[in-house]
Amino acid sequence: MTAASQGAVGDLAEDVRSAHILVATGSGGVGKTTTAAAIGLAAARAGRRTLVLTIDPARRLAQAMGLDGLDDAPRRVEVPDLPEGGELWAMMLDMQTTFDRLIDRHATSEENAAAIKANRIYRTMSGSLAGTQEYMAMERLHELHDADEWDLLVVDTPPTRSALDFLDAPRRMSSFMEGRLLQLLIRPGMAAGKGVGRFVGAGASAFMRVAGRVTGMDLIEDIGDFFRNFEGMYEGFKQRADQVLALLREPTSRFVVVTSPEPPPLREAKFFLERLEKEGLHAAGIVVNQIRPELPRDPTDAQIDRAITAQTEDRDGQAVAGALRLLIDVRNVAARQRRDVSAALYGVSVPARLHVPLLAGDVNDLAGLDRIATALTTGEGR
Ligand SMILES: Nc1ncnc2c1ncn2[C@@H]1O[C@H](COP(=O)(O)OP(=O)(O)O)[C@@H](O)[C@H]1O
Ligand SMILES: [Mg+2]
């Protein structure tokens, strides 16, 4: 393998110009939200009407994008000097609103929808269920895609423990909605006929008795109502999950896998790329974000060592020697990061592998986003 094929190759310029959906994913804290915003800005600069669906922007980035309110509506971001047709819009995902709309769509009647939305179990569980945030991000994406108002939707993903959770969300959600085990516990009658069913049923009534004593009968009734009201909706949820996956499988939907140059997120990024391939999903590329810029190897370490030895023992000489040692250190860290990246991504084949330099400060204004956008679309960071 050549040095070039191990290092950074390609860029996201073509994806920014032609994709309809770009999803930024990766481990927590690596720069997904920042990358999604920068891609959005790049696309607006390329003359496309772009919406960034963001999840958890840092406060100052949210302000820079005009997202002070927490409502679920797209907001136009003021960007100077955009070409004809280029627009940047941003919105923050509001899970509860999205979940409520989902209930409205799939409920068997208006009364049914109202009953679910007023249910205490629904109100407390809908925000905290495992995978809900991921599922709602997908659900909102589907709605926005159907609305057909945007050339490009850029999707940020939640700060999940594992980037893989995002792909599992639709399936996990629909299997939760099927809720077979919980139904058995709450409606023992459903399992009648089978020995196992009778056993679960007996266990369930004991469960109900104990739970009723501890938490009050109201809560038990709420749980029962919740699952009764959800009946008839499971199929809709599952179909929706399948539609979202089909949408994500289209060739114009692509994933941008973001990582930092440290081995754990790099490993996760590699797993994620393998998983994309298995699922028939398309990778736009991998972005190694926050990598230290590579410094020239001239002068060599040996030359610098000689210069250090040649310094005088006085204060000035020692200060110069210290600065020279620092140069060697910084250069070694940058080189080590590149070795880690090459080792972790050995054998991984993606259309683009990009390095985005670690900037001196947080990225929370348009100028910072423009710098990241340039690195993403020109590959300058390599
Ligand atoms: N290339 C970069 N240089 C400097 N700071 C960065 C860079 N990319 C991201 N950051 C900063 O790192 C922090 C985490 O980034 P964020 O995009 O919120 O990560 P994630 O969404 O993956 O959790 C933010 O404060 C952001 O400004
Ligand atoms: Mg984020």
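## Strand 8 and its neighbour

In strand 8, I291 finds its bridge partner in P357. Strand 7 (residues 282-291) and strand 8 run parallel and are joined by 5 bridges; strands count as paired if DSSP finds at least two bridges between them. Strand 8 itself (residues 353-357) is mostly covered, with 4 of its 5 residues buried. Buried here means 20 or more other C-beta atoms within 10 Å of a residue's own, exposed means 12 or fewer, and partly exposed is in between, with C-beta atoms placed from the backbone.

A word on what you're looking at: this is a predicted model, where local features need pLDDT of at least 70 and side-chain atom pairs count only at pLDDT 80 or more, while totals for chains, interfaces and linings use all residues. Residues are numbered from 1 along each chain as its sequence is written, and chains are lettered from A and ligands numbered from 1 in the order in which they are written.

## The whole sheet

The protein has 17 helices and 8 strands; these are DSSP runs numbered from the N terminus, H or I with at least four residues for helices and E with at least two for strands. The 8 strands make an open sheet in the order 3-4-2-5-1-6-7-8, with mixed pairing. Strand 3 (75-76) and strand 8 stand at the edges with a single partner strand each, so one side of each has no neighbour in the sheet.

Elsewhere in the sheet, strand 2 (residues 49-54) and strand 4 (residues 87-92) run parallel, joined by 6 bridges. T50 has L88 as its bridge partner in strand 4. Helix 8 (residues 132-147) packs on the sheet and touches strand 1 (21-26), strand 2 and strand 5 (152-156), its direction making about 170° with that of strand 5.

Helix 17 lies across strand 7 and strand 8, at about 155° to strand 8. Axes are lines fitted to C-alpha atoms, for helices over the stretch in contact, and angles run from 0 to 180 degrees between N-to-C directions.

From helix 3 the contact includes T34, T35 and A37, and from helix 17 it includes L366, L369 and D370; contact means C-beta atoms, placed from the backbone, within 7 Å. The contact residues divide into 10 nonpolar, 3 polar and 1 charged. Ala, Val, Leu, Ile, Met, Phe, Trp, Tyr, Cys and Pro count as nonpolar, Asp, Glu, Lys and Arg as charged, and the others, Gly among them, as polar.

## Around ligand 1

Ligand 1 is surrounded by 18 residues, and the closest are K32, T33, T34, L359 and D362. Helix 3 gives the largest share of the shell, 3 residues. By class the shell holds 8 nonpolar, 8 polar and 2 charged residues.

Q290 sits in strand 7 and has a positive phi of about 60° although it is not a glycine. Q290 counts as buried, with 21 C-beta neighbours inside 10 Å. D148 also has a positive phi, near 60°, but this residue is in the loop between helix 8 and strand 5 and is exposed, with 6 other C-beta atoms within 10 Å.

The peptide bond from D298 to P299 is cis, with omega near 5°. P299 belongs to the loop between strand 7 and helix 15 (301-309).

Key:
Two residues are in contact if their C-beta atoms, placed from the backbone, lie within 7 Å. A residue is near a molecule or strand if its C-beta atom, placed from the backbone, lies within 6 Å of it.
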